Amino acid sequence: MDVIDRFADFAAHIAPPEAALAAARLCLLDWYGAAIAGSGEMPAAALRRVLPGDGPSRLIPDGAGRDPRTAALINGTASHIVEVDDIYRPGLYHPGVVTIPAALALAETENASAGHMLRGIIAGYEVGNRIAQAINPAHYRHWHTTGTVGHFGAATAGATVLGLNADQTAHALATAATMAAGLRHAFSSDAMSKPLHAGRAAEAGVLCALAARHGATGVRSILNADSGFIAAMADEVNWAIALEDLGTDWTICNTTPKAHACCGHNFAALDAVRHLVQMHAVEAEDIQVIDVATYRAALEICGNPDPRSAAEGRFSLPWCAAVMAVEGSVTPAAFSDDSLGDKRIRDLAGRVALMIDEEAEAKFPNARSATVILHLKDGRNVKQHRPTRKGDPDDPLSDTDLISKFSALSTPVIGQSAADSLANSILNLSLEDSTHGLRVRDLSD
């Protein structure tokens with residue numbers, strides 16, 4: 001049986017345990033927070049203008065109707081804008097922003113139960129996460145995994161929500177493989193292409209699933225063929241590792257929700273800065289230099305010492321480290337015009353020195369580590385090594401942390417009452433419930 005057929009058979013017969021369903025509810029809550037926070041930002045705002053219409057699927061948070069493809073595109077894009085979306089660490093992958101908007105859009109269109117949607121989310125996470133892990137880190141040299149592998153996750157989610165059989169699901173996945181795209185260079189500058197990768201993958205997943213339901217076929221050998229996906233986008237892979245515990249070990253339970261509103265490659269260093277500032281009662285004015293030693297990809301992607309926009313700031317380790325030292329946290333407000341003009345932060349960002357740590361490099365991508373030294377003006381040097389990031393499975397956020405994060409992201413947009421109601425609905429979602437109860441507009445009226 002080919003790899004695609006194995007994944008398709010799994011999705012068509014998925015029976016997740018309660019632990020996976022509980023994890024899916026938390027991932028859904030985390031995704032809603034990201035989507036609400038990004039809903040009014042560019043480029044999601046532009047997509048709303050250029051893609052008007054009506055339909056059974058709803059945009060977040062206002063509930064405007066669209067067809068399922070458009071809803072998945074806009075909601076997926078919105079949820080990837082402010083960089084608070086979840087991560088699957090071994091795969092260098094953001095599963096939620098591609099999987100959940102596809103599952104939600106089709107569940108609303110089909111009037112499917114919450115159980116169908118949750119099973120679709122879990123199936124999409126499992127297939128996407130495992131393909132992402134199998135092809136990385138080589139794939140990540142040039143490709144944005146969320147934009148590429150996200151097509152598989154979204155197509156699997158869509159096929160599962162629609163109740164496709166294994167044969168139809170295999171064709172949806174095979175078609176998704178030839179649509180997959182998203183270059184890593186898209187997030188190396190002040191541009192808006194990166195969140196579009198997520199939205200486009202979610203939209204394509206919806207399309208592939210719907211087309212497969214009506215008989216559209218794909219080349220089922222496309223992953224491993226000489227001119228196929230792996231040959232074009234990665235090195236050799238060991239599919240046995242990706243498949244051996246499929247259906248028994250649920251990767252959705254090992255998701256990393258973000259603890260900071262920026263690129264996840266910054267996180268280990270930010271955790272270290274926060275620890276040192278708190279442990280040693282350091283004020284930002286006390287710091288002469290911040291040394292950060294971490295893995296190569298963090299410096300390649302987040303090495304910009306002088307960001308001039310929100311997009312650049314989220315991918316600037318010097319900026320985020322300085323914000324952490326000055327403000328004590330890195331929230332979406334860290335990238336506002338006022339913050340970007342803060343002379344204290346900009347001055348300190350200019351005194352952040354970055355270097356590669358060979359031990360951290362050797363452990364990447366299975367561990368994201370960093371060592372930070374604060375050189376203080378009184379002559380003291382204080383040091384912290386972070387072997388992992390807050391939020392990773394080996395240092396997880398609590399459910400209370402996740403609820404607080406959701407509230408902080410959503411309340412400024414929809415109000416405290418609506419945020420509390422939505423969180424309660426998601427966390428108590430039963431398999432028999434309707435997904436229509438998750439519409440933010442209904443809750444905030």
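In this predicted model, the side chain of Asn 266 has a polar atom that lies 3.3 Å from the backbone oxygen of Arg 314. That separation falls within the 3.5 Å limit for a pair of N or O atoms in a polar contact. Asn 266 itself belongs to a loop, the one that runs between α12 (239–243) and α13 (267–279). Its surroundings can be described through the residues it touches: leaving aside residues up to four places away in sequence, Asn 266 is in contact with Cys 302, Arg 314, Ser 316, Leu 317 and Cys 320.

Glu 327 is found in helix α16, which covers residues 317–327. Glu 327 has a relative accessibility of 48% and so counts as partly exposed. Apart from residues up to four places away in sequence, the contacts of Glu 327 are Asp 342, Arg 344 and Ile 345. The chain also brings in a distance to Ala 261: this residue is 66 residues from Glu 327 along the chain, and the two C-alpha atoms are separated by 13 Å.

Rolling a probe the size of a water molecule over the atoms shows where empty space is left. The structure holds 2 cavities of 30 Å³ or more. The largest cavity contains about 180 Å³ of space. Its lining consists of 17 residues, and those nearest its centre are Leu 92, His 94, Tyr 140, Cys 263 and His 265. Sorted by class, this lining comprises 7 nonpolar, 5 polar and 5 charged residues.

The second largest cavity holds about 70 Å³ of space. It is lined by 12 residues, with Arg 58, Ile 60, Leu 438, Arg 439 and Val 440 closest to its centre. Two or more residues of this lining come from each of the elements α5 (96–110) and α22 (440–444). By class, the lining of the second largest cavity has 7 nonpolar residues, 1 polar residue and 4 charged residues.

Key. Residues are numbered from 1 along each chain as its sequence is written. This is a predicted model: local features need pLDDT of at least 70, side-chain atom pairs count only at pLDDT 80 or more; totals for chains, interfaces and linings use all residues. Side-chain values use heavy atoms; hydrogens and water are left out. Helices (H or I, at least four residues) and strands (E, at least two) are DSSP runs, numbered from the N terminus. A polar contact is a pair of N or O atoms within 3.5 Å; within protein, one must be able to donate a hydrogen and the other to accept it, and residues adjacent in sequence count only if both atoms are side-chain atoms. Contact means heavy atoms within 4.5 Å. On a 1 Å grid over the protein atoms alone, a cavity is a set of points where a 1.4 Å probe fits but cannot get out, and a pocket is an open set with protein on both sides within 12 Å along at least five of seven lines; lining residues have an atom within 4 Å of a point. Grid points are joined across faces, edges and corners, and a volume is the space filled by probe spheres set on the points. Ala, Val, Leu, Ile, Met, Phe, Trp, Tyr, Cys and Pro count as nonpolar, Asp, Glu, Lys and Arg as charged, and the others, Gly among them, as polar. Buried means under 20% relative accessible area, exposed over 50%, partly exposed in between (1.4 Å probe, protein chains only).
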